[in-house]
Amino acid sequence: MEYNIAVIKGDGIGPEVVDSAIEILKFIGDKYGHRFIFNEALAGGAAYDKYKDPLPMETINICKNSKAVLFGAVGGPKWDSLPREKRPEKAILGLRKELGLYANLRPGILFEPLKDASPLRLDIIKDGFDILVIRELTGGIYFGEKGFKDTDMGKAAYDIEIYSEKEVERIARIAFQLAMKRNKKITSVDKSNVLESSRLWRRIVDKVSKDYPDIHLDHMYVDNASMQVIRDPSSFDIILTSNMFGDILSDEISILTGSIGILPSASLGKGNRGIYEPIHGSAPDIAGKNKANPIAAILSAAMMLDYSLGLKEEALAIENAVNKALRENYRTMDIAKKGETAIGTKKMTNIIKGNI
Ligand code: IPM
Ligand code: MG
């Protein structure tokens, strides 16, 4: 089979980790008899530098004409002083919105060989954990009305958190459907003791839960949730939450696994098309130095094979190859222990390829 895949390498370490993912995909293609056609498009700071636009129309079109989008990372100090509409972040936010990708899946799994890289005590993580954060991605405070106004305290800025019943219902349904395939347990995280939008969120999640009587649903305030994931991460399975809370909680959970450099993500909507990206950022400080961990990008490619292309066996082959590299103690800088020698991006990619 032939598959069109849009590739947006982006800024910072984006290009090098996406190159690693492409190398692995090509290898998988040869081995399993698929042809992946990679259509490269510019977005983020790289697109701003060339077109003065972080998300050119051409890029949106390339993505719309592809089965899936493989994304690196965008942003960096070079573009930090630009106005909001020109900033590199506009690229990823705009793409999520344009492609209607309202569901962000962020697995936080503790890989057994990385237990000692976790900042948590061994007695807390002895049984491991496997959390799936399901973050609403095209609503809430990210996309609500924003602006400035004059007040008697001087100039003020505002961003409105707003959720409609339909927006909550569709993300909740994704969570309940995925929960049926996992441990039938959802923790919905909100701040309904303070926010009206959270009260609507909780009411709709409760309503959807009536259609899934087998699933155990809890509600938790976000402040408490951010503490509980550290106290006992294994008590969580699916965390269902809003755009803003999901952004924060997913970074927190990622570091509990040892490094933000190993976690992939999928952003999905109605059809099979999705954006697949590491949850880490562009790490400009180590860009171009062959130091970045390519695992998050490689596992993002595996998620793409699974969710958008339906190639489950191939996805599993990549996951197993990554696991093996970690079991054999290969470590990039971010997951190496003090005194351990770290390998570079390219070496890690080769080791993983060799394991497939
Ligand atoms: C993420 C990132 C983005 C977000 C930024 C780069 C706009 O932090 O994917 O988590 O806030 O969604
Ligand atoms: Mg984030």
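Which residues lie nearest the centre of the second largest pocket? In this predicted model, local features need pLDDT of at least 70 and side-chain atom pairs count only at pLDDT 80 or more, whereas totals for chains, interfaces and linings use all residues. Residues are numbered from 1 along each chain as its sequence is written, and side-chain values use heavy atoms, without hydrogens and water.

E89, I92, L93, R96 and Y142 lie nearest the centre of the second largest pocket, which has 31 lining residues. A pocket is here an open set of points on a 1 Å grid over the protein atoms alone, where a 1.4 Å probe fits, with protein on both sides within 12 Å along at least five of seven lines; lining residues have an atom within 4 Å of a point. The space in the second largest pocket is about 780 Å³. Helix α4 contributes the most to its lining, 7 residues.

The largest pocket holds about 1000 Å³ of space. Its lining comprises 28 residues, with L105, L178, M303, D306 and Y307 closest to the centre. The largest share of this lining, 6 residues, is supplied by α11.

K86 is located in the loop between β3 (68–73) and α4 (89–98). K86 has a relative accessible area of 34% and is therefore partly exposed (between buried, under 20%, and exposed, over 50%, with a 1.4 Å probe and protein chains only). Apart from neighbours within four places in sequence, K86 contacts Y48, K52 and P54 (contact means heavy atoms within 4.5 Å).

Methods
Chains are lettered from A and ligands numbered from 1 in the order in which they are written. Helices (H or I, at least four residues) and strands (E, at least two) are DSSP runs, numbered from the N terminus. Grid points are joined across faces, edges and corners, and a volume is the space filled by probe spheres set on the points.
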